[in-house]
Amino acid sequence: MTVAVYVAGGILTVAVLLALYRAVRGPSILDRVLALDVVLAVVGAGLVLNMVAGRHLDNLVLLVTISLIGFIGSVTVARFVTDRK
């Protein structure tokens, strides 16, 4: 189980670094928003990994909050972009 947690943590680390790179270098606002949405999803996956490895549910409220913020942010930006066209 420990090896699987470390491998998953490494994959999540690479994913968040690549998403942050896209957020900084993205040519458009949509690229940046999508990259930050991916960062929030990876943070949520990291919280889930922590809960699975530690066998607790302490981060469940934080996970729901992060997911809700990501969803509301993506919908808000999508509506803003479609209204401009």
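Predicted model: local features only at pLDDT ≥ 70, side-chain atom pairs only at ≥ 80, totals over all residues.
Reader: In what order do the elements of the protein run from the N terminus on?

Author: Helices (H or I, at least four residues) and strands (E, at least two) are taken as DSSP runs, numbered from the N terminus. On that basis the secondary structure comes to three helices and zero strands. From the N terminus on, the order of the elements is therefore α-α-α.

Reader: What radius of gyration does the protein have, beside that of a compact globule of 85 residues?

Author: The radius is taken over C-alpha atoms, and the globule rule is 2.2 Å times the number of residues to the power 0.38. Along the principal axes, the C-alpha atoms fill a box of roughly 50 × 25 × 10 Å. For a compact globule of 85 residues the radius would be near 12 Å, but for the protein it is 15 Å.

Reader: Which residues of α1 are buried?

Author: Buried means under 20% relative accessible area, exposed over 50%, and partly exposed in between (1.4 Å probe, protein chains only). What covers the buried residues of α1 includes α2. Those buried residues are Val-16, Ala-19 and Ala-23.

Reader: Is Val-24 buried or exposed?

Author: Val-24 has its place in helix α1, and its C-alpha is 9.0 Å from that of Ala-35, eleven residues apart in sequence. Because its relative accessible area is 64%, Val-24 counts as exposed.

Reader: Which residues is Asn-59 in contact with, leaving aside its neighbours within four places in sequence?

Author: Asn-59 lies in the loop between α2 and α3, and it is buried because its relative accessible area is 16%. Contact means heavy atoms within 4.5 Å. Leaving aside neighbours within four places in sequence, the contacts of Asn-59 are Leu-47, Asn-50 and Met-51.

Reader: What is the phi of Arg-55?

Author: Arg-55 is also found in the loop between α2 and α3, where it counts as exposed because its relative accessibility is 78%. Although Arg-55 is not a glycine, its phi is positive, at about 55°.

Reader: Which residues make the nonpolar surface patch of about 380 Å²?

Author: Patches are made of residues with over 30% relative accessible area and no salt bridge, like charges being joined within 9 Å and nonpolar side chains (Val, Leu, Ile, Met, Phe, Trp, Tyr) within 5 Å. A salt bridge here is a side-chain nitrogen of Lys or Arg within 4 Å of a carboxyl oxygen of Asp or Glu. One of the patch residues, Ile-72, lies in helix α3 (residues 60-84) and is partly exposed, with a relative accessible area of 45%. The nonpolar patch of about 380 Å² is made by Leu-68, Phe-71, Ile-72 and Val-75.

Terms used
Residues numbered from 1 in each chain as written. Heavy atoms only, no water. Areas by Shrake-Rupley, 256 points an atom, 1.4 Å probe, with all protein chains shown as cover.
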